[in-house]
Amino acid sequence: MDIDNWISVVGIVLTALFSFFLLIATIKSANAARASAEVAKNSLEFQKEQIRKTEEEQEFMKQIYLFRVKKDVKYLYDTVKEAIDAPNYAALKNAYVTQKPSPFELVRYFSEEQRKVIEEIWGLYHKYYNAYWVDKETGHFSAEYEHPKNRGAMSFQYANDIKNLLREL
């Protein structure tokens with residue numbers, strides 16, 4: 001065999017070796033792509049599960065906040081209703097400082113309509129409290145303050161208004 005034939009044989013062998021290595025690299029790359037796709041699929045499933053859990057948690061928190069607000073509004077209602085005949089001065093003062101949800105909580109846990117109702121309820125109670133239980137001269141709560149004669153009728157009206165708004169929650 002002459003030198004040209006040997007060069008051709010060496011070229012064929014080298015081409016075969018490079019083709020073999022290229023085949024091995026292609027197989028490894030395909031396996032890595034399959035593994036990467038599996039990881040991406042698992043990651044997507046995990047993300048979907050996290051979103052579902054977050055939504056469930058959010059719905060649970062909404063129910064808790066709604067329960068809390070209804071309980072607080074019921075306290076406001078009971079306080080006003082009780083004031084029709086025999087006012088409980090401590091309850092009136094405590095109800096005044098009962099906290100409505102913060103603006104953050106209102107936006108996060110309540111619908112727009114619920115937010116409006118909650119604002120209206122607290123506004124009604126504060127209006128009632130300021131009109132019938134705050135001494136106009138001192139600006140402080142006063143059991144001795146000469147309350148308007150229609151206080152009982154207005155307590156009844158405010159109690160009914162709060163009760164009706166409570167039903168809307």
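Q: Is Arg-167 buried or exposed?
A: This model is predicted. Arg-167 has a relative accessible area of 60%. Exposed means over 50%, so Arg-167 counts as exposed. Arg-167 is found in helix H5.

Q: How many residues separate Arg-167 and Leu-23 in sequence, and how many Å in space?
A: Along the sequence, 144 residues separate Arg-167 from Leu-23. In space, their C-alpha atoms are 73 Å apart.

Q: What is the C-alpha separation of Val-9 and Thr-54?
A: These C-alpha atoms are separated by 67 Å. Along the chain, Val-9 and Thr-54 are 45 residues apart. Val-9 has its place in helix H1. With a relative accessibility of 35%, Val-9 counts as partly exposed.

Q: How are two packed helices described?
A: Two numbers are used: the angle between the axes and the distance between the axes. Here is the case of H1 and H2. Helix H1 covers residues 3–82, and helix H2 covers residues 89–96. They pack at an angle of about 145°. Their axes lie 9 Å apart. H1 passes H2 in a left-handed crossing.

Q: Which residues make the contact of H1 and H2?
A: H1 contributes Tyr-75, Leu-76 and Thr-79. H2 contributes Ala-91, Leu-92, Asn-94 and Ala-95.

Q: How do the residues of that contact divide into nonpolar, polar and charged?
A: In the contact of H1 with H2, 5 residues are nonpolar and 2 are polar. No charged residue takes part in this contact.

Q: How many residues does the largest nonpolar core have?
A: Such a core is a set of buried nonpolar residues joined through side-chain atoms. In this structure, the largest has 30 residues. Those with the most contacts inside the core are Val-73, Phe-110, Ile-121, Tyr-125, Tyr-128, Ile-162 and Leu-169.

Q: Which helices each supply at least two residues of this core?
A: H1 and H2 do, along with helix H3 (103–109), helix H4 (112–132) and helix H5 (151–168). The largest share comes from H4, with 9 residues.

Q: How many salt bridges does the structure hold?
A: To read one, look for a side-chain nitrogen of Lys or Arg within 4 Å of a carboxyl oxygen of Asp or Glu. The structure holds 7 salt bridges. Among them is the pair of Glu-56 and Arg-52. Their closest N and O atoms are 2.3 Å apart.

Q: Where do Glu-56 and Arg-52 lie, and how many residues apart?
A: Both are in helix H1, 4 residues apart, so about one helical turn separates them. Glu-56 is partly exposed at 46% relative accessibility. Arg-52 is also partly exposed, with a relative accessible area of 36%.

Q: What is the N to O distance in the salt bridge of Asp-72 and Arg-68?
A: The distance is 3.8 Å. Asp-72 and Arg-68 are 4 residues apart in helix H1, about one turn of the helix. Asp-72 has 12% relative accessibility; buried means under 20%, so Asp-72 counts as buried. Arg-68 is partly exposed at 26%.

Q: What is the N to O distance in the salt bridge of Lys-71 and Asp-72?
A: For this pair, the distance is 3.6 Å. Lys-71 is partly exposed, with a relative accessible area of 48%.

Definitions and conventions: Residues are numbered from 1 along each chain as its sequence is written. This is a predicted model: local features need pLDDT of at least 70, side-chain atom pairs count only at pLDDT 80 or more; totals for chains, interfaces and linings use all residues. Side-chain values use heavy atoms; hydrogens and water are left out. Axes are lines fitted to C-alpha atoms, for helices over the stretch in contact, and angles run from 0 to 180 degrees between N-to-C directions. A crossing is left-handed if the near helix is turned anticlockwise from the far one by less than a right angle, and right-handed if clockwise. Contact means heavy atoms within 4.5 Å. Ala, Val, Leu, Ile, Met, Phe, Trp, Tyr, Cys and Pro count as nonpolar, Asp, Glu, Lys and Arg as charged, and the others, Gly among them, as polar. A nonpolar core is a set of buried Ala, Val, Leu, Ile, Met, Phe, Trp, Tyr and Cys residues joined through side-chain atoms within 4.5 Å. Buried means under 20% relative accessible area, exposed over 50%, partly exposed in between (1.4 Å probe, protein chains only).
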